[in-house]
Amino acid sequence: MLSELSEWFWQERRWFPEGLGWADLEDRDGRVYAKARDLWVALPIALIFLIIRQIFERMVATPLASLLGVKDTVRLKAPHNTTLESYYCKINKNPTQSSVASLCQKTGYSERQVQRWFRRRRNQDRPSLLKKFREASWRFTFYLLAFIAGLAALIDVMICTNCYIDFKINDLSPPLQTLLPSQYWYYMIELGFYGSLLFSVASDVKRKDFKEQIVHHVATILLISFSWCVNYIRCGTLIMLVHDSSDYLLESAKMFNYAGWRNACNYIFIVFAAVFIVTRLVIFPFWIIYCTWVYPVTIYKPFFGYYFFNGLLMTLQCLHIFWAVLIIRIAIRFLTNNEKVDDERSDKDETDESEEEEEEEAGEKKHMKKNGPVQNGHTVHNNNHSKRE
């Protein structure tokens with residue numbers, strides 16, 4: 001059963017243009033070609049990345065955070081309450097006004113106490129500033145090194161049309177793209193890194209575009225794997241390089257943001273926005289996708305692999321447009337109103353200042369100072385509650 005399924009999946013007519021097949025990717029005449037079995041190497045590399053990440057975050061990112069002055073806000077814990085905890089975990093983290101009234105009856109709490117309990121409980125689930133800084137510093141380090149490695153791997157393959165022009169001299173000739181050692185390790189390391197992101201996605205900071213990030217990682221892994229199997233090495237390397245060219249700028253902007261270096265964060269973000277738009281909305285669609293979508297049909301008849309490969313590229317391009325809208329919106333707000341750069345993908349509860357709670361407590365103190373502590377219209381003579389409560 002499995003052998004029949006494998007034979008059906010790897011049919012040559014599915015992945016190659018007419019006249020070419022797997023036999024053309026066999027090593028010969030000193031030329032070395034990518035093999036599908038090589039992709040298994042990415043699994044141990046992904047596990048190694050997870051280990052290296054833990055070491056990096058403890059030994060490098062944490063001291064760096066301390067050096068840059070990254071401080072975590074001390075968050076008050078919500079007192080244990082079975083009724084409220086059950087509602088929080090099973091029903092909704094943000095109860096409606098009617099639900100608050102119902103919970104007040106069940107718990108004996110006042111409306112303000114219930115609202116404060118949910119706010120503090122949400123704060124407990126928020127990722128710490130240090131955690132976000134360590135994640136950003138890890139990604140910054142990888143993307144920067146990956147970008148440098150991609151430049152080194154593409155010194156002699158910067159013309160995108162070579163991705164296809166070398167694939168065919170005549171109908172019976174084998175592909176001429178020999179695999180370079182630098183390209184091999186660039187592919188395996190990139191594939192291993194995105195595999196590690198999928199493994200760690202449950203513990204990483206979750207943002208509003210969590211689903212889009214999952215789609216991006218899966219599409220990237222499929223794209224890298226497919227281009228490797230059918231020897232679209234040059235095109236795949238160029239695609240990865242284009243993506244790595246802006247990601248490290250975003251992560252560095254996040255690091256400065258978490259450290260409170262607002263000006264550095266703002267200006268790096270503007271540079272990131274410019275690089276992102278040029279690489280993802282200009283170079284990627286009008287150069288790379290053009291060379292994979294338009295140019296091949298002048299040489300071959302379209303086949304399944306052609307549609308599959310370009311379908312993955314178009315999926316990435318749709319995500320690029322989605323993120324570009326968010327980036328441009330932030331950039332315009334900063335340039336026109338001189339506001340600080342904030343990540344629109346973050347929920348309100350992810351901000352690190354408990355502004356709402358501070359305002360509420362300030363209002364309470366002002367009210368108490370003016371009228372004295374009161375409860376149900378009567379003065380409270382013995383208030384044993386903590387001032388922080």
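In which helix is Trp8 found? In this predicted model, for which local features need pLDDT of at least 70, side-chain atom pairs count only at pLDDT 80 or more, and totals for chains, interfaces and linings use all residues, Trp8 is found in helix α1, residues 2–9. Residues are numbered from 1 along each chain as its sequence is written, and side-chain values use heavy atoms, with hydrogens and water left out. Helices (H or I, at least four residues) are DSSP runs numbered from the N terminus.

Trp8 is partly exposed, at a relative accessible area of 45%; this class lies between buried (under 20%) and exposed (over 50%), with a 1.4 Å probe and protein chains only. Together with Leu2, Leu5, Phe9 and Trp10, Trp8 makes a nonpolar surface patch of about 550 Å². Such patches consist of residues with over 30% relative accessible area and no salt bridge, nonpolar side chains being joined within 5 Å (a salt bridge is a side-chain nitrogen of Lys or Arg within 4 Å of a carboxyl oxygen of Asp or Glu).

The largest nonpolar core comprises 67 residues, and Phe193, Trp228, Ile239, Phe269, Phe284 and Phe309 have the most contacts inside it. A nonpolar core is a set of buried Ala, Val, Leu, Ile, Met, Phe, Trp, Tyr and Cys residues joined through side-chain atoms within 4.5 Å. Helix α13 supplies the largest share of this core, 12 residues.

Note on methods
Helix = DSSP H or I, 4+ residues; strand = E, 2+ residues; numbered from the N terminus. Patch = residues over 30% accessible without salt bridge, like charges linked within 9 Å, V, L, I, M, F, W, Y side chains within 5 Å. Areas by Shrake-Rupley, 256 points an atom, 1.4 Å probe, with all protein chains shown as cover.
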